[in-house]
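Please open the model in your viewer and follow the selections below in order. Each stop names what to select and then describes what is found there.

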Amino acid sequence: MTLMTAEASAAIREVVKSAGASGPAFEHEDLAFFAEAMRRRAGIVLPDAKAALVFRRLAPRVRQLGLSSFAQYRERLWNPDDAEWDHVVGQLTTNHSHFFREIHHFKLLSKHLSELIEPGPCRIRVWSAACAAGQEPFSMAILLAHLLARRQDVDARVLATDVDRSILTAAETGRYTPEDLGRLPRFARPFVRQQADGTSTVVGAPQDLVSFKFHNLVGAEWPMRGPFDAIFCRNVLIYMSRADQARVVDRLARLLKVGGILCLGHSEVARGASSLIQRIEVPSSYVRI
Ligand SMILES: C[S@@+](CC[C@H](N)C(=O)[O-])C[C@H]1O[C@@H](n2cnc3c(N)ncnc32)[C@H](O)[C@@H]1O
């Protein structure tokens, strides 16, 4: 029997009660199992206080599979390579994002890229390192397409990675709601087209600039070589332990060109790599030294 805090026990009792008689059975062991799985698979910390979140996000799937308890769902997940794990990771990660989120980072990126783009042939590499459904990398690509209008001699690419395979599938489809779009800057509007069903897609040059790939920031495999001119790793470190945050920032910093920029989410700070990066005046932003 896994030991839990009184707070977690109370949260579990409350959430199971509010689900009523039809709710699947959810025990301490279940929370411990999924918390450990998410720590290993994505570096995401799910403290006891997240018991209700785990229950609410996974219970519909447990019911959909015709199971009456989380214990049965755990048995169903015995194979670590089962595709069902993609569903678990998808449900227990937070994918909220929108285009041009934290606009100050895009102003910084615009200034940085404008300085880098030379009159002759050149190469630009940027990385959205927790890209959700593509709102962030497409914002980067739209900016690049705008800056590179009528330029054929610039080799520019946006790498977009995430640990959630289901969100990467959504990103490849590239259908965005008005909430995803938020308030688009004027220069971005020609690159977004509204469809008959009310969703919008990114059209034209930005589409060809972005490559979506699976990548786990806390995994051993970091196949990308860089060096990158800019990396956005925003609103993902907050879900990780301090040790993982420091390791991730250190690895990101090493993949930046000297003078390249690293932007983190508004409540995140670079805990590692203090000798490699320096904070700059733009919030949560750093330059590789
Ligand atoms: C809140 S979204 C942030 C999206 C975007 N960066 C932004 O700021 O709008 C967090 C994203 O991080 C991804 N994520 C969580 N853990 C990850 C990991 N270990 N490696 C890569 N991506 C991860 C989630 O799947 C999710 O899409």
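Begin with the ligand: 24 residues surround it, the closest being Ser97, Ala130, Asp164, Leu217 and Arg234. A residue is counted as near a molecule if its C-beta atom, placed from the backbone, lies within 6 Å of it. The shell around the ligand is made up of nine nonpolar, ten polar and five charged residues. Here Ala, Val, Leu, Ile, Met, Phe, Trp, Tyr, Cys and Pro count as nonpolar, Asp, Glu, Lys and Arg as charged, and the others, Gly among them, as polar.

The model is predicted: local features need pLDDT of at least 70, side-chain atom pairs count only at pLDDT 80 or more, and totals for chains, interfaces and linings use all residues. Residues are numbered from 1 along each chain as its sequence is written.

Next, colour domain 1 (6-92) and domain 2 (103-288) separately; these bounds come from an automatic or database domain assignment. Both domains give residues to the shell around the ligand, so the ligand lies between them. The C-alpha centres of the two domains lie 31 Å apart. Where they meet, eight residues of domain 1 are in contact (C-beta atoms, placed from the backbone, within 7 Å) with twelve residues of domain 2. On the domain 1 side, helix H5 (residues 84-92) supplies the largest share, four residues. Helices (H or I, at least four residues) and strands (E, at least two) are DSSP runs, numbered from the N terminus.

Now select H5 together with helix H8 (residues 165-173). Show side chains for Asp86, His87 and Gly90 in H5, which meet Arg165, Ser166 and Ile167 in H8.

Finally, select strand E2 (residues 154-162), which runs parallel to E5 and is joined to E5 by five bridges. Val158 has Val210 in E5 as its bridge partner.

Technical notes: Two residues are in contact if their C-beta atoms, placed from the backbone, lie within 7 Å. Two strands pair if DSSP finds at least two bridges between them.
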